[in-house]
Amino acid sequence: MTTAGKSVAVLGLGSMGTALAAALLAAGHQVTVWNRTPGKDEGLVGRGARRAGSVAEAVTAGEVVIVCILDYADIGPLLEGQGVGRAALQGRVVVNVTNGAPEEARAMAERVTALGAAYLDGGIMAVPEIIARPEAFVLYSGSREAFEAHRELLDAFARSVYLGEDPGLAPLNDLALLSGMYGMFGGFAHAAALVRSAGGPVAEFTTTLLLPWLRAMAGGLPAMAAQIDSGDYAVTGSPLAMQVSHDSIGEVSRAQGVSAELFAPLFALMRRRVADGHGSEGFAGVVELVHPR
């Protein structure tokens, strides 16, 4: 089905909310915007958005209501107060892309459905600057019917990925992806500090050495993921005991005046796994220490 010209309300016009509203306008939808602080909608109104004077006015103007604010705690009062409630939300779809926890998403789904609306929780895997670009994607969970009915509209933001009926799946996977990202950032920061400690150019090291190395190593992640799913961590090369036989990274870091605190917790887990009798297995088995099967 086509969704061109659908009526959409966007609540919250921070950097991300503004980017979402702009993407909807560019896709030809009828966009009504509301923000708690006046003035942030000027650019959007100039491009064709309609300014709402209240949350109730915005909600009643859109069959789909996008909520993009700072905290889950503010969403309930927003949708249940100021003249909104069941009368305004009945039959609408609320798409909440506020960052939060799985239990917050499940509780919000109950509140929203009790008000007569369908609920989707979303995790935006993008920064505002890449909304509507191919590298961005958004995770969704909650009402499958609502997702299928409005998928083309949601695709205006980025590639839409539906994870299932449990509203908590989108925030859980969002946080899992962010944890992987921060782990990579932490490894990069330590590597950069080591190179800088020897007077080397970090930018050149990153482009010519680190990125090719990380791309090569990332190719092994699917096999490690399969080991975690199966519980079989056997390897034919690079057993964990060999990897922790010497604390070379920590020792050289300290000798270079670089703190090992980004690397040390991971190395400690690797050594603990070996001490538990799993030295012949691969790195993936470390997951059993942070989430025992």
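Me: Why does Arg293 count as exposed in this predicted model?

Reply: The relative accessibility of Arg293 is 63%. Exposed requires over 50%, and therefore Arg293 counts as exposed.

Me: What makes the contact between Glu288 and Arg293 a salt bridge?

Reply: The N to O distance between the side chains of Glu288 and Arg293 is 3.2 Å. The criterion is a side-chain nitrogen of Lys or Arg within 4 Å of a carboxyl oxygen of Asp or Glu, so this pair is a salt bridge.

Me: Why is Glu288 called buried?

Reply: Glu288 has a relative accessibility of 15%. Buried means under 20%, so Glu288 counts as buried.

Me: How do you know that Arg273 and Glu281 form a salt bridge?

Reply: Their closest N and O atoms are 3.0 Å apart. The limit is 4 Å, and the pair therefore qualifies.

Me: Are Arg273 and Glu281 buried or exposed, and why?

Reply: Arg273 has a relative accessible area of 6%, and Glu281 has a relative accessibility of 18%. Each value is set against the cut-off of under 20%, so Arg273 is buried and Glu281 is buried.

Me: Why is Arg51 described as partly exposed?

Reply: The relative accessible area of Arg51 is 41%.

Me: How many salt bridges does the structure hold?

Reply: It holds eleven salt bridges, including that of Arg51 with Glu42, whose closest N and O atoms are 3.3 Å apart.

Technical notes
Residues numbered from 1 in each chain as written. Predicted model: local features only at pLDDT ≥ 70, side-chain atom pairs only at ≥ 80, totals over all residues. Heavy atoms only, no water. Buried < 20%, exposed > 50% of the residue type's maximum accessible area, 1.4 Å probe, protein only.
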